Amino acid sequence: KCAHAETQSADGDRRRAPAAMKLKRFLLRYYPPGIILEYEQGAELRTKPVDLLTLTPETDVEVLVNQIVRHEPLISEQR
């Protein structure tokens with residue numbers, strides 16, 4: 001099943017736009033350190049791993065969270 005919707009641009013070209021992604025679950029992985037984002041795209045459930053290989057007890061969590069929010073489109077400050 002395809003998770004794309006057909007759109008038409010102003011010049012009349014038909015293009016396939018990706019279906020909206022909706023974050024469902026946020027999973028923690030102990031080793032190697034990381035998080036897994038479970039999301040829905042169209043009718044399909046998918047996962048995306050985010051490795052945190054440089055995580056240490058001294059890691060500034062606030063800085064780490066800001067980096068993840070800035071680089072990961074599935075996560076926003078509103079959620």
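Two strands are said to pair if DSSP finds at least two bridges between them. By this rule β3 and β4 pair, in the antiparallel sense, and eight bridges join them. One of the bridges links L27 to its partner I36 in β4. The model shown here is a predicted one.

The protein contains one helix and five strands. Along the sequence they come in the pattern β-β-β-β-β-α. The protein has 79 residues, of which 19% count as buried; a residue is buried when its relative accessible area is under 20%. Contacts can also be sorted by how far apart their residues are in sequence. Among contacts between residues at least 6 apart, 14% join residues at least 24 apart.

Now return to the strands. β4, residues 34-41, also pairs with β5, residues 44-51. This pairing is again antiparallel and runs over eight bridges.

Three strands form an open sheet, and their order is β3-β4-β5, with antiparallel pairing. β3 and β5 are the edge strands, since each of them pairs on one side only. On average, neighbouring strands of this sheet are turned by 25 degrees against each other, direction ignored.

The last stop is empty space. Rolling a probe the size of a water molecule over the atoms shows where such space is left. In this model the largest pocket holds about 160 Å³ of space. Which elements each supply at least two residues of its lining? They are β3 (21-29), β4 and α1 (61-71). The largest share comes from α1, with four residues.

The lining residues can be found one by one in the structure. F26, L28, R29, G34, I35 and L52 belong to the lining of the largest pocket, and so do L55, L64, V65, I68, V69 and I75. How many of the lining residues are nonpolar, polar and charged? Ten are nonpolar, one is polar and one is charged.

Definitions and conventions
Residues are numbered from 1 along each chain as its sequence is written. This is a predicted model: local features need pLDDT of at least 70, side-chain atom pairs count only at pLDDT 80 or more; totals for chains, interfaces and linings use all residues. Side-chain values use heavy atoms; hydrogens and water are left out. On a 1 Å grid over the protein atoms alone, a cavity is a set of points where a 1.4 Å probe fits but cannot get out, and a pocket is an open set with protein on both sides within 12 Å along at least five of seven lines; lining residues have an atom within 4 Å of a point. Grid points are joined across faces, edges and corners, and a volume is the space filled by probe spheres set on the points. Ala, Val, Leu, Ile, Met, Phe, Trp, Tyr, Cys and Pro count as nonpolar, Asp, Glu, Lys and Arg as charged, and the others, Gly among them, as polar. Axes are lines fitted to C-alpha atoms, for helices over the stretch in contact, and angles run from 0 to 180 degrees between N-to-C directions. Buried means under 20% relative accessible area, exposed over 50%, partly exposed in between (1.4 Å probe, protein chains only). Contact means heavy atoms within 4.5 Å.
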